[in-house]
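Please consult the sequence and structure shown here while reading.

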Amino acid sequence: MKALSRFAIKHRWWVIIGWIAAIALIQVLSSSAGGARYKDDLKMPGTDSQSAADLLAKAHLAQQSNPTGTLVLHARTGTLTSEPDGFIQRADKAVCGVKDAHIATITTPWGQVACTPADGKSDAAPRPDLISRDKKTAIVEVAYNEAKPADTTPKVVYDHLKTLRSHTLQIEFTGDSFDSVDAPTPVVSPQVLGFLAAFVILALVFRTFGATLLPMISAAAALGSGLGLIALLTHVMPVTDFTSALAELMVIGVGIDYALFIVTRHRRNLLKGMSVEESITAALSTAGRAVLFAGITVCIAVLGLCALGAGFLYGVAVGTAIAVSLTMLASLTLLPAMLSLLGRRALPRSQREELPSDKRVKLLLCVIPPLCVLFWALYLLQWALRPVTARLAARRATSTRPLLWTRWATLVQRRSVIAGVLAAVILTVLALPFFSMRIGHPDQSNTPASSTSRKGYELIQEAYGQGYNSNLQLVVAGPRATDKTYLNTVTDTLTAVPNVNKSSITALPISKDIALVAFKSISSPQDAKTVDLVDHLRDTALKPLHPDGNTKIYVYGETAMFADFSASLSSKMIYFILAVVGLSFLLLMVAFRSVVVALTAAAMNLLAAGASFGAIVAVFQWGWLSEPLGLGAGGPIEAFLPVLFFAILFGLSMDYQVFLVSRIHEEWVRSRNSHRAVTVGLSETGGIITAAGLIMILVFSGFLLGNGLTIKLLGLGLALAVFLDAFIVRPMLVPALMQWLGNANWWYPAWLDKITPHVTIEAHEEPGSPVPADALGLRRVPDKVSEL
């Protein structure tokens, strides 16, 4: 790490130019490759749904699996007994032939529009079943001509077809493909809001423009290169549509935090009298090592998603790991290069000597012209407030009262049992809702009440019943698939099954050995009864119909696919959690040469994760405050979100654990007094951890302004999780437990020490005398040796 820091300092301009060139090259390559084309891959090997999808694809009937959308027509006055205002012709003209719409057919109660290279025309029989009994509501089914249309396609279709609305005809768009299609564009994007929030907090912490700006530049560099690489990744492997938003969320939060820890250590070194170069080198040898270790832990946790066998998550895992890796690289190369240019101006004016104007700093600021205006505005504001800040600095300098975090660390030291029990009770209570978490696929009733998808869903529900929004099919494959007698037996069996809407059953042979039987449930798609129906059909009702194995029946359709996806991930979730926790335990044990510290970290992270999941269940499943937050009504938690959330949360939790315990361990090595080490470590890192946590909370919360339930859940969930971690677990629970354990924290069997590699997070510094306790305002603590 010393060699890396010295290289970055010595060749600082080459490092900065290299980053600028790399970002430019990556952006040019991603643009020339056609831009990001996101794809969702919901392949689930070994499930009924996947077998049916493979069968249809093999028979060249994959278009049967293409996504669809639903338009709901509602007569504001009168009825829909006849086609309103030439709807078919107008719909044909609106989207057929539009390149970016990718529409194959538009099926209406009055006929069908086939969007082909030739003129679209109504060439199918009317579908009176698509009109409700009261003749006031009608369904229009839109089928795409691609298995995985571009993310912008539904928006194009919506923009063209919404023009068919009139004062007498209400048209709403529902179904998964039209989720968030009418979501308003926020005045300030979540990314900009995150940077602004980080800027304010960093300015309050550092009180100097240069130190405030550098962490943001480091995060911006990682973001610019990371998003470009993710765009290129979409041409190599399937990448889901929220990967970029998740990468932005991680880079802004984690990147600024990593730089915050390094800059803070650098400023502390400068105050000790080190030169700029020595200070940067020492900061990277301590805080930089912690950043490297924490970043690797995050990447390992996220890449662990690949072990679940769900191709849907591969692109998410790889893309996020790339973004976090670039964040580490920027913190360890670009940041020290810029710190060397900034010199002693990383400190506030009140803490540094008055030096001549530093031409290198002016040159650095001119490299970023858009920021110069902001710099001078803040400089003038700082100059105007100079008398006030000078008085505050003088007051702090003459005050003999210990600092806030020193007082808090002393309080935790004295009342470790009370602090630990209080924190544990809070987390346990918050974790209770976790035990009622239900995994599933939320339907459009979980979208905001003002959205077109929610309005369309409710119109269908009122006119046709809850189950009409479900999408279920039987795929009959084999020599008897086109046998009318056999198909009648299948439909008769289906009719006798509870929770099946008998009037919705329709059998349709589509080839010589494949037939589809479409039907709907009575219960809503997200209802647990619908999942039970799918399981009952597979395990019991349909089994007698294919005893010889020549003709098979698969339960298929969008509802069944998501049920299979949920079951597949749920069955592997416990193994994934154990793998991530176990690997993190081994890394911490080897790094800190302590079994107890690693075990404590794993237990605390699991408790914090449980509390965070409990909060998510209360908001997203039970619906507490979900409507005011723009999240829609409560419903089941999306199947992939718990594992994705746990991977990210566990990685972030390990970040704070590493920064806290590495400082405690560093002091333990110097003083061999565990109680003192915990107190000093908490007093020196507590403020930075909470400031870093506050930045992440504001960044993650800003993504509530984004589109899509997935990114909103991740944003709010991670904000709640970081709040619990930064304000309860690290400043209360972990130090209280370590105070209670005393020197037992550092128990490491001799035989284990011999067989494990020696890896250290802290640098091997010159031995020095510990900082006197009186200088920190700490009470002296005897060295108690705990017996195991």
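Which residue's side chain meets that of Arg-265 in a salt bridge? The partner is Glu-666, at 2.9 Å from N to O; a salt bridge is here a side-chain nitrogen of Lys or Arg within 4 Å of a carboxyl oxygen of Asp or Glu. The pair links distant parts of the chain, with Glu-666 in helix α21 and Arg-265 in helix α8, 401 residues apart.

The model is predicted, so local features need pLDDT of at least 70 and side-chain atom pairs count only at pLDDT 80 or more, whereas totals for chains, interfaces and linings use all residues. Residues are numbered from 1 along each chain as its sequence is written, and side-chain values use heavy atoms, with hydrogens and water left out.

**Salt bridges**

The structure holds 13 salt bridges.

| Pair | N to O distance | Relative accessible area |
|---|---|---|
| Glu-666 and Arg-265 | 2.9 Å | Glu-666 11%; Arg-265 13% |
| Arg-730 and Asp-725 | 2.8 Å | Arg-730 1%; Asp-725 1% |
| Glu-172 and Arg-165 | 3.6 Å | Glu-172 7%; Arg-165 31% |

Burial is judged by relative accessible area with a 1.4 Å probe and protein chains only: buried means under 20%, exposed over 50%, and partly exposed in between. Glu-666 is therefore buried at 11%, and Arg-265 is buried at 13%. Arg-730 counts as buried because its value is 1%, and Asp-725 is likewise buried at 1%. In the remaining pair of the table, Glu-172 is buried at 7%, whereas Arg-165 is partly exposed at 31%.

Salt bridges also join Arg-268, Arg-663, Glu-667, Arg-670, Arg-676 and Glu-684 into a network.

A cavity is defined on a 1 Å grid over the protein atoms alone, as a set of points where a 1.4 Å probe fits but cannot get out; its lining residues have an atom within 4 Å of a point. Grid points are joined across faces, edges and corners, and a volume is the space filled by probe spheres set on the points. By this rule there are three cavities of 30 Å³ or more.

The largest cavity has a volume of about 190 Å³. Its lining comprises 15 residues, and Phe-261, Arg-265, Ala-287, Phe-659 and Thr-685 lie nearest its centre. At least two lining residues come from each of α8 (243-271), α9 (276-303), α21 (641-671) and α22 (674-702); helices (H or I, at least four residues) and strands (E, at least two) are DSSP runs, numbered from the N terminus. By class, the lining has five nonpolar, four polar and six charged residues. In this scheme Ala, Val, Leu, Ile, Met, Phe, Trp, Tyr, Cys and Pro count as nonpolar, Asp, Glu, Lys and Arg as charged, and the others, Gly among them, as polar.

The second largest cavity holds about 90 Å³ of space. Of its 16 lining residues, Pro-442, Phe-620, Gly-635, Pro-636 and Leu-709 are the closest to its centre. The elements α20 (595-621), β11 (637-638) and α23 (709-741) each contribute at least two residues to this lining. Its composition is ten nonpolar, five polar and one charged residues.

Val-417, Val-421, Val-425, Val-429, Leu-432, Phe-434, Phe-435 and Trp-740 form a nonpolar surface patch with about 850 Å² of accessible area together. Patch members have over 30% relative accessible area and no salt bridge; like charges are joined within 9 Å, and nonpolar side chains (Val, Leu, Ile, Met, Phe, Trp, Tyr) within 5 Å. Accessible areas come from the Shrake-Rupley method with a 1.4 Å probe, and for residues only the protein chains shown count as cover.

Helix α15 (residues 416-431) supplies the largest share of the patch, four residues. Ala-424 also lies in helix α15 and is partly exposed at 24%. Between Ala-424 and Leu-607 the C-alpha to C-alpha distance is 8.4 Å, although 183 residues separate them in sequence.

**Positive phi angles**

Arg-207, in the loop between α6 (190-206) and α7 (209-233), has a positive phi near 60°. Arg-593, in the loop between α19 (558-592) and α20, has a positive phi of about 50° although it is not a glycine. Arg-207 is partly exposed at 35%, whereas Arg-593 is buried at 15%.

Conventions
1 Å grid on protein atoms, 1.4 Å probe; cavity = no way out; pocket = protein on both sides within 12 Å on 5 of 7 lines; lining within 4 Å.
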